[in-house]
Amino acid sequence: MKVVNLKQALLQAWKERWSDYQWAVNMRRFFPRGATWDILNLAEALLEQAMIGPSPNPLILSYLKYAISSQFDDFSRDLCVQSLLEIMDMFCDRLSCHGKAEECIGLCRALLSALIWLLHCAAFYAEKVKETLEQAAAESQLKMCLERLEKMLGSTKNRALIHIAKLEETSSWSTVEQSLVKLGESLSSLSNSTLRSQADDCISLIKSIPTMLSVHSEQLNKTGFPTVHAVVLLEGTMNLTGETQPLVEQLMMVKRMQRIPSPLFVLEIWKACFVGLIESPEGTEELKWTAFTFLKIPQVLVKLKKYPQGDKDFTEDVNCAFEFLLKLTPLLDTADQRCNCNCMSLLLQECSKQGLLSEANMTNLIDKRMADREHAPHLKSAENANIQPNPRLILRAEPTVTNILKTMDADHSKSPEGLLGVLGHMLSGKSLDLLLAAAAATGKLKSFARKFIKLNEFTKHISGEGSKGASVRALLFDISFLMLCHVAQTYGSEVILSESSPAGEVPFFETWMLTCMPEEGKILNPDHPCFCPDSTKVESLVALLNNSSEMKLVQMKWHEACLSISAAILEILNAWENGVLTFESIQKITDNIKGKVCSMAVCAVAWLVAHVRMLGLDEREKSLQMIRQLATPLYGENTLQFYNERVVIMSSILEHMCADVLQQTATQIKFPSTGMDTIPYWNLLPPKKPIKEVLTSMFTKVLEKGWVDSRSIHIFDTLLHMGGVYWFCNNLVKELLKETRKEHTLRAVELLYAIFCLDMQQLTLTLLGHILPNLLTDSSKWHTLMDPPGKALAKLSVWCALSSYSSHNKGQASSRQKKRHREDIEDYISLFPLDDTQPSKLMRLLSSNEEDSNILSSPNRSMSTSLSASQLHTVSMRDPLNRVLANLFLLISSILGAKTAGTHTQFVQWFMEECVDCLEQGSRGSILQFMPFTMVSELVKVSTMSSPKIVLAITDLSLPLGRRVAAKAIAAL
């Protein structure tokens with residue numbers, strides 16, 4: 001075919017579908033002389049042809065793109081460049097595309113190419129400016145280039161489209177980066193300051209494209225952050241033994257979601273620590289708080305320091321936080337009074353040791369606090385020089401823990417007496433609780449417990465022993481048993497259980513603790529086989545207790561005696577009930593039980609506690625009397641070493657064991673005053689008051705105060721145990737929806753999130769799986785979702801969803817939460833019957849070569865509406881949380897697509913806005929991956945959501961389909 005003019009050439013190219021390269025070759029053949037290309041007005045002809053139909057013709061646009069990038073890299077032809085720049089003016093600020101997703105991606109790529117071309121152009125003229133003869137002309141050309149760059153990049157929509165192109169074509173983006181470096185070098189010698197600042201603006205705009213989603217402003221109008229306060233209090237009160245990493249991640253999550261500036265964030269952590277110190281009950285709890293504040297929190301800050309801080313220095317933030325803390329003189333004075341020392345000074349030294357403060361800052365802060373203390377003479381006079389302050393003792397106990405662990409590693413059989421000396425030293429005064437608190441705060445308690453279990457097992461081995469060896473063995477058994485009981489009661493039995501013991505026998509203490517030891521919320525069966533051992537052993541034990549004047553020690557198998565004692569006590573009780581034994585005989589027997597080895601008394605009382613629960617009112621007398629006998633220490637001459645110290649621990653163990661039963665049977669047993677605290681935070685609920693009233697009044701009180709204290713945390717925990725997860729969550733959400741003042745609802749959300757940290761996983765499942773769907777689908781409840789309470793509930797739901805999802809993916813559940821009944825996955829499968837074959841159908845659909853707009857806009861939407869990024873990432877739908885999130889987003893999608901709107905539609909909007917606000921950008925696999933792709937086009941119709949940044953934030957750009965959906969939605973804006 002003989003080509004007469006350019007138009008014919010274009011039509012032929014279009015009919016025969018030439019590729020851009022093929023087109024260029026043929027054009028050279030038709031129009032051999034290069035000069036005529038400008039005269040032919042090639043660019044205009046191409047644009048005219050491309051814009052004939054309702055949507056631009058991508059093929060002809062690709063010719064234009066090719067022509068620009070190949071023909072006009074020769075920037076010396078000023079007029080050509082100028083005309084191209086003028087063409088750019090026509091479309092740069094009003095780009096849109098309503099075609100297929102592929103065409104929208106084409107638009108993204110074209111924009112990226114245009115950006116590269118403009119950068120080359122600018123770099124060329126910036127170099128040319130250096131030549132004196134050409135300076136004026138080059139400056140005017142550079143100015144034109146920069147104006148176009150500014151115009152193109154000034155639109156967020158264009159930047160968003162380039163952001164998508166960058167992910168589509170990573171190699172092209174590296175060209176952009178190289179061009180930026182080149183342009184930057186050329187500009188350094190530019191004398192025209194206006195042009196230079198214009199160019200700098202353009203460069204910073206381009207550099208901001210990859211991070212255009214992660215810019216969040218911080219909250220600067222607030223100084224108190226109750227959520228951080230409550231999370232720290234909760235951890236210090238209930239989870240001292242927990243690992244630091246989950247706490248660090250939870251705190252970072254709160255910091256990010258609430259956009260808390262770093263210094264105020266650190267300040268809030270310290271404030272919570274001091275409040276915890278001041279309000280902790282005396283005794284063990286006070287030691288726990290001291291260890292938490294002085295040992296664990298500095299470790300938490302060391303881990304927080306490792307998180308990217310932007311251009312800020314974390315040590316400066318810590319210094320700044322301490323400067324703020326110094327201004328809270330009443331708080332510090334009260335803490336100093338409580339702890340009998342200068343807390344701030346000790347804390348600053350500890351932080352300096354951990355590299356959180358510079359030496360100069362530390363000295364400066366210590367001096368300021370010293371000067372403040374001079375104005376408070378009552379602090380000096382109140383300090384008792386004879387009493388060692390707890391913080392000092394705790395800081396000293398920490399290295400001791402390491403030394404004891406080393407000692408316990410040695411071979412016990414070589415010098416049992418030496419080991420006994422170390423253990424005896426640990427038992428005196430409050431040493432044991434100090435060491436345990438220090439071990440718990442530094443994560444060494446588990447290995448501490450393992451060492452004691454090993455020691456307890458060691459005492460099973462008897463080889464020809466004399467009376468001295470026998471008494472040392474009895475003491476090692478007794479002390480290790482009592483210590484383990486004490487650890488289990490103070491820090492929870494999970495600390496003692498081995499992760500998974502190798503195939504072999506389970507250690508005696510673990511077996512006894514799991515089956516025989518009474519704990520809160522654990523009901524024991526006194527007829528359980530563990531309480532009914534070998535009858536011959538029981539008979540010989542009964543005979544031994546009844547006939548001998550004192551317990552024999554040589555060749556005694558203590559673990560067997562401890563397992564047989566329950567059945568022996570039953571025999572003895574029966575004999576006493578039936579008049580075979582007199583009260584004097586019983587006294588002699590109980591003296592034998594507790595006289596040498598306190599552990600036998602502990603095992604006997606453990607069974608009696610389970611037994612008393614099963615008896616009628618009139619049958620309990622003798623069992624309770626026996627508990628009373630066993631709890632009274634024996635002060636004779638013939639007791640073994642360290643008897644008084646062991647009795648102190650035994651009394652504390654028995655008091656914990658009997659607390660529930662004594663309350664239920666309205667009995668009083670006087671345990672010898674041990675100097676230890678009575679059980680803290682026990683029996684906090686007011687009698688005869690319905691638990692719903694307790695919950696609402698407690699929440700109202702906390703809301704008025706503006707922060708949660710340790711006591712209310714324990715009450716909420718008890719109510720959660722008692723009422724169950726649904727009851728607890730439902731009633732607190734009802735309380736939130738009653739609030740009508742904006743500042744109250746915001747505070748309520750901050751506090752509720754912290755209260756939900758008691759068991760975040762289960763409460764989130766209930767909130768998102770039951771309570772929200774009920775509110776959103778029942779039109780009679782829609783009025784409750786008005787602003788402000790509805791907006792607050794949306795915020796709470798997103799915070800809970802994000803926290804649960806991030807910790808759930810890391811498999812973190814605190815030991816406290818593991819104790820509770822886990823929701824069964826079956827509950828959620830029956831609640832949300834999803835078609836489990838769906839992902840495979842979707843995969844087939846996606847791998848077919850059909851245009852993906854079928855998926856995105858097919859009239860038959862039943863299949864495609866549920867397609868989400870999570871399915872392409874093959875996230876398991878057997879998991880309850882994933883299932884609940886997927887269904888919540890399907891519900892949200894159907895509400896957005898529905899023909900009727902109401903407050904529930906508004907709620908969905910708030911929910912999505914909060915998701916976008918809180919998202920950690922660029923993180924693949926956030927909760928938004930469960931959002932169906934079709935929802936994006938619905939959301940863009942909502943005025944507050946129709947921004948390019950929001951589209952980028954809610955789609956998963958790591959997936960090609962995600963990028964197409966985003967490009968389609970943004971191009972149509």
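Which residue forms a salt bridge with K444? The partner is E398, and the closest N and O atoms of the pair are 3.8 Å apart. The pair ties together parts of the chain that are 46 residues apart in sequence, because K444 lies in the loop between α23 (431-441) and α24 (445-458) while E398 belongs to helix α21 (residues 390-409). The model is predicted, and every distance and accessibility value below is computed from it.

**Salt bridges**

- K444 is partly exposed, with a relative accessible area of 21%, and E398 is likewise partly exposed, at 25%.
- Salt bridges with shared partners join E102, R109, E168, E169, R963 and R964 into one network.
- Across the whole structure, a search finds 27 salt bridges.
- One of the pairs is formed by the side chains of E169 and R109, with an N to O distance of 2.9 Å.
- This pair links distant parts of the chain, 60 residues apart: E169 is in the loop between α9 (156-168) and α10 (170-187), and R109 is in helix α7.
- E169 counts as partly exposed at 22% relative accessibility, and R109 also counts as partly exposed, at 24%.
- A further salt bridge brings together the side chains of K368 and E323, again with an N to O distance of 2.9 Å.
- Here too the pair links distant parts of the chain: K368 sits in helix α19 (residues 359-374) and E323 in helix α16, 45 residues apart.
- K368 is partly exposed, with a relative accessible area of 35%.

**Nonpolar core**

- The largest nonpolar core holds 338 residues, of which L115, F322, W512, F728, F756 and L793 touch the most other members.
- Helix α7 (residues 101-128) supplies the largest share of this core, with 17 residues.
- Leaving out residues up to four places away in sequence, L793 touches V733, L736, L737, L767, L772, L775, L785 and F907.
- In soluble globular proteins, nonpolar side chains tend to be buried together.

**Helix α37**

- Helix α37 (residues 760-777) has 18 residues; at 1.5 Å a residue these should span 26 Å, and the end C-alpha atoms are 24 Å apart, which agrees.
- A kink of about 35 degrees occurs in α37 and is centred on L767, one of the residues touched by L793.
- Of the 18 residues of α37, 15 are buried, so the helix is largely enclosed by the rest of the structure.

**Buried residues in helices**

- D478 is found in helix α25 (residues 467-491) and counts as buried because its relative accessibility is 0%, under the 20% cut-off.
- Apart from residues up to four places away in sequence, D478 touches K596, V597, C598, S599 and R646.
- C598, one of these contacts of D478, also counts as buried, at 0% relative accessibility.
- W607 is located in helix α30 (residues 598-613) and counts as buried at 2% relative accessibility.
- The C-alpha atoms of W607 and P526 are separated by 6.4 Å, although these residues are 81 residues apart along the chain.
- H904 has its place in helix α45 (residues 903-918) and counts as buried at 4% relative accessibility.
- With neighbours within four places in sequence left aside, H904 is in contact with L776, W782, L785 and I895; L785 is also touched by L793.

**Cysteines**

- How many disulfides does a search of the whole structure find? The search finds 0 disulfides.
- C145 is buried, with a relative accessible area of 0%.

**A partly exposed loop residue**

- K312 lies in the loop between α15 (284-305) and α16 (314-326).
- At 42% relative accessibility, K312 counts as partly exposed.
- K312 and S262 are 50 residues apart along the chain, and their C-alpha atoms are separated by 9.2 Å.

Conventions. Residues numbered from 1 in each chain as written. Predicted model: local features only at pLDDT ≥ 70, side-chain atom pairs only at ≥ 80, totals over all residues. Heavy atoms only, no water. Core = buried A, V, L, I, M, F, W, Y, C linked by side-chain atoms within 4.5 Å. Buried < 20%, exposed > 50% of the residue type's maximum accessible area, 1.4 Å probe, protein only. Helix = DSSP H or I, 4+ residues; strand = E, 2+ residues; numbered from the N terminus. Contact = heavy atoms within 4.5 Å. Disulfide = S-S within 2.5 Å. Expected span 1.5 Å × (residues − 1). Bend = angle between axes of the 7 residues up to and from the residue. Salt bridge = Lys/Arg side-chain N within 4 Å of Asp/Glu carboxyl O.
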